[in-house]
Amino acid sequence: MRITIVGAGIGGLATATSLHAAGFEDVTVFEAAPCPRLLGFGLNILPNAVRELAELGLLDDLRQQAIQTRELVMCNPRGRLVWREDRGLSAGHRWPQLSISRSHLITVLAAEVRRRLGDGAMVTGARLVGLDDERGGPRGVFAYEGGSRRTVETDVLVGADGIHSAVRAAFYPDEGPPRTNGVTMYRGTAWGSGFLTGRSMVVLGDDRRRLVLYPIDRDGTTDRCLVNWVAASPDFTDDGPPPEDVAGVRRFLLREFGGWSPPDTDLARLFEDTERIHRYPMADRDPVPRWTFGGVTLLGDAAHPMYPAGSNGATQAVVDARVLAWHLASHSDPADALRAYEADRLPQMTELQRSNRSMGPEKVLTLAHQRAPRGFESIGDVFSEEELAEISRGYAETGKFDHKWVNSRPTLSVGRRRRQAMRRDIGSAE
């Protein structure tokens, strides 16, 4: 089976690796950029996805430059505790939650794709400019930077090309640009001292703004941490500094967040020590009724772009990749496999997208501000512990990263012999 993947981000590379592990060898990844984007900003991979990466044999490499998250702590802007919960191994998962730089995750995945499939399996500088599925299988037209074009005929084409997906646009041409919510996000990394447990993820917020901090690496010699931070604030298009004015962005952030009190953190020093501050709008897209069209399907942000709440963007792309590979290995007809993958993933991801529009588990911060806009001495005066626990539990079940499910569900790993047996069973049933 010939499989073509559009996009060499986390979802695309995880898909290529998962497909090879499931027995597929004719897999090619096309990436529009001259090389995969190695942004050093942080992200969290929840245990349901870490399990998949571990079953692909990647966990040891990933842990070399990552922090195994111990807890999630949510506070109001004054630093008053709203909610705290254990995460990863500390919460009873058999696999950790990883706070990691995107560049390290991409580097490990890209190296694994090349190791498994060869250097020729990754084609960079090739942008998808045409797609049809009308001649017995998908045909993609790729334009190279020098102006040449290449038509690729394949059995399966996977659109893993992000929120601005060209594959998605081929089937939803009138969708337009991503949907923004009037919030701008600022993010960066800086070396500094650890806070709380040294493996804590901290989220502060009111009804309009958020501040997220967590370490993504540690210097074993000095015990200093590389802190990833994200600040979200309503748009100020008239008086906001341009992105290239880093000093102006720092001053703006201090006006917005300088009075906030994250635990054990000097915000002014953190912003000052950040060399590069990235700015972009908070955006998603409306859920769509279909991801699969014949031999073409969508995956990751191309399928279900969502607001960055609850650490589910990269996490769900990895899970998508594994589920897709499992179904392709389990069905003799690729179109049947893609429909089964969609039936597995689309309803859950639609619910998760909608949950993230209310900021997922972080909605407790909005509710805390609305109920106690002047602050509080004890969160027990604002919430019952049962209400807070139910919000957290409900979101974990929606994202399927609650420890009971992650620890007990069947594996998605498919060996060659198991793949053949599964196809025989399906053929007999049919």
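Tutor: Start with the pocket. On a 1 Å grid over the protein atoms alone, a pocket is an open set of points where a 1.4 Å probe fits, with protein on both sides within 12 Å along at least five of seven lines; lining residues have an atom within 4 Å of a point. A volume is the space filled by probe spheres set on the points, which are joined across faces, edges and corners. This is a predicted model: local features need pLDDT of at least 70, side-chain atom pairs pLDDT 80 or more, while totals for chains, interfaces and linings use all residues. Residues count from 1 along each chain, and side-chain values use heavy atoms, without hydrogens or water.

Student: How much space lies in the second largest pocket?

Tutor: About 420 Å³. Its lining has 17 residues, and Ser392, Arg393, Ala396, Asp402 and His403 are the closest to its centre.

Student: Which element gives the largest share of that lining?

Tutor: Helix α11, with six residues. Helices (H or I, at least four residues) and strands (E, at least two) are DSSP runs, numbered from the N terminus.

Student: How many disulfides does a search find?

Tutor: A disulfide is a pair of cysteine sulfur atoms within 2.5 Å. The whole structure has zero. Take Cys225: its sulfur is 18 Å from the closest cysteine sulfur, in Cys75, so that is too far for a bond.
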